[in-house]
Amino acid sequence: MIVKLERLLPVLLALALTAALLLSIACADDDDDDQADDDTGDDDTGDDDADDDDDDDDLVVGPADNEPPFWPEWVLEHWVWEDEGDRGSAEQLVADYLAHEIPVGALIIDSPWETGYNSFVPDPEDYPDAGAMIDGLHELDVRVLFWITGNVNLDSPNYDEACDNGYLLSDCRTVDWWKGEGSFIDLTNPDAVDWWHSQIDQMLDLGIDGWKCDGTGPYMYLWVYATGYGGTIFPWEWMEMYYADFFDYTRERLGPDRVTLARPFDSYGLPLGLEFAPRDKLASGWVGDQDPTWSGLQAAMFNIFESGRRAFVNVGSDIGGYREDELRDKELFIRWAQFGALCPIMENGGGGEHRPWIYDEQVLSIYRDYVNLHLTLKPYLYSMGAEAFVREVGLMRQLEGEIDLGRYMLGDNLLVAAIYQAGASREIEFPEGVWIDWFDGSEHSGPSVETIDYSLERYPIFVRKGSIIPLELGEDSIVQGDAGTPPALTVRIDPLVAQNFELYEEGRNGATISYELADALQIEISANDRAYALLVRGQSKPATVSCEPHGVLDECASIDALSAVERGWWFDATTAELWIKPGAAQRGLRVSVQ
């Protein structure tokens, strides 16, 4: 992997200093750690008891109370960007994706876009009337974020004002970084923070949706520490303040649907690495710059899984890698796009060519299909992410003792065996349980190891048998919600044992979806304002399907016939899939399949 020396040097210093600091802390606090371990063991016992009590609770159809996470649902949309563009190329990029029927949820305006680093003033030649550009993209339902850092360059038009007023760390000491020479803002100085916010306001007034906060903080490790209004400040302290300030101030001004994109963990291709943004300020994360090679994909995976081990939730990588100006290898680009679709953050951009239609029709079709798969999984990813944040675990989790780089759980119910090298064959180790292939419905019992061939169109995704997975099928749904209500959901159920799923929704209380198997399959959905369809797999054709409070449902002759009625059911004998349209859930639903 090629890593620029000027980026690597501060990281090496950071790793050395951090290792020494951690060693000294470990030695000094050994007794305290032992006591903490004992306390943690007691807490775990309490959690087990609580879980047992929950299992004995009766199922209810009343409303749920699932408090949504701190990030908006739109971060789980499809993001795009380009390296070193302008207004015309940015608008054209979005238009071209949409013209090729690929949804776009967010656009990043990358560097350079300002009159200077970091003036917060759009360059009038490259981005004339940036406000109109932002408004136009919003009309397309596309969010807009701008790249930024926490230092001001010497040649920026606002540098002298910042330096003369004492707003920069270490008496305006400068550092050479990959975009020039500049000084760090002193975030310990209230006056400096007020001034910094006045600079930021120039963009917030245009209604942007957030920032891509790049990581210049490690350069401060070259100094060991800095000095400011608040005294000595260490690099990790400044980095935490930098990410928190952009996140908090932007949301304070514009509301909780604004976010920052930042690194969670980045190894820079080394065995060790650094955490960047605080976990509770990271609504969306990308894991730094990788080469457009299979090794680059593996490096991105390493960073993503390490981020998961550190309990970061919404993470992803630049599809195809960031570096280089050439067209990516076709197979690599497809496999990286498929992996990106099975990350919470699916974003595509960087140096060189990233547009899928430039390759051929096959690449375009596959890319489009996996963007749609990513969007289909959005309610699952949002809900599982909410629980992962509370449980302090990652949404993408490698199994304990994992030695296969690419095998991981996406939430609790999806197993992914990412393809990270050339070739169609993939050896997959299945954990305990039964795992259902997402595409062909084949079942694989674990523990076992199988070698399976995958065409470029297919990818190793498996559903845990017994699980509940909410899906958003959009126009393909057999249920279309009323105007002003949230989109209808299709709930996939692969019955095995009693199960429940907590649905989280932005700005709402969510719902509890559950089932149990006794004399009949009983499915319950708590009261909420969504419309639902149920997809029950692996069952024989029922004699009757009924739904409280609506009574016995009519059998339909086809899926199209079911789509045309308010309530009913249809059984596909070819796939052993039962489709149920139970009606609205305002009062809750209880479906019985006999």
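**Charged pairs and cysteines**

Arg-355 has a relative accessible area of 28% and is therefore partly exposed. This value, like the others that follow, comes from a predicted model. The side chain of Arg-355 meets that of Glu-353 in a salt bridge, with 2.8 Å from N to O. Glu-353, for its part, has a relative accessibility of 17%, and because buried means under 20%, this residue counts as buried.

Which parts of the chain does the pair of Asp-494 and Arg-537 link? These two residues form a salt bridge in which the closest N and O atoms are 2.9 Å apart. The pair links distant parts of the chain, since Asp-494 lies in the loop between strand 23 (489-493) and strand 24 (499-503), while Arg-537 belongs to strand 27 (residues 531-537), with 43 residues separating the two. Asp-494 is buried, its relative accessible area being 2%, and Arg-537 is buried as well, with a value of 13%.

Over the whole model, the count comes to 32 salt bridges.

The cysteines come next. How many disulfides does the model hold? The count comes to 1 disulfide, and it is formed by Cys-163 and Cys-172, whose sulfur atoms are 2.2 Å apart. The link of Cys-163 and Cys-172 is right-handed, with 120° about the S-S bond. The two partners fall into separate accessibility classes, because Cys-163 has a relative accessibility of 24% and counts as partly exposed, while Cys-172, with a relative accessible area of 13%, is buried.

Are Cys-343 and Cys-547 buried or exposed? Cys-343 counts as buried, at 0% relative accessibility, and Cys-547 is likewise buried, with a relative accessible area of 1%.

Note on methods: Residues numbered from 1 in each chain as written. Predicted model: local features only at pLDDT ≥ 70, side-chain atom pairs only at ≥ 80, totals over all residues. Heavy atoms only, no water. Disulfide = S-S within 2.5 Å. Buried < 20%, exposed > 50% of the residue type's maximum accessible area, 1.4 Å probe, protein only. Salt bridge = Lys/Arg side-chain N within 4 Å of Asp/Glu carboxyl O. Helix = DSSP H or I, 4+ residues; strand = E, 2+ residues; numbered from the N terminus.
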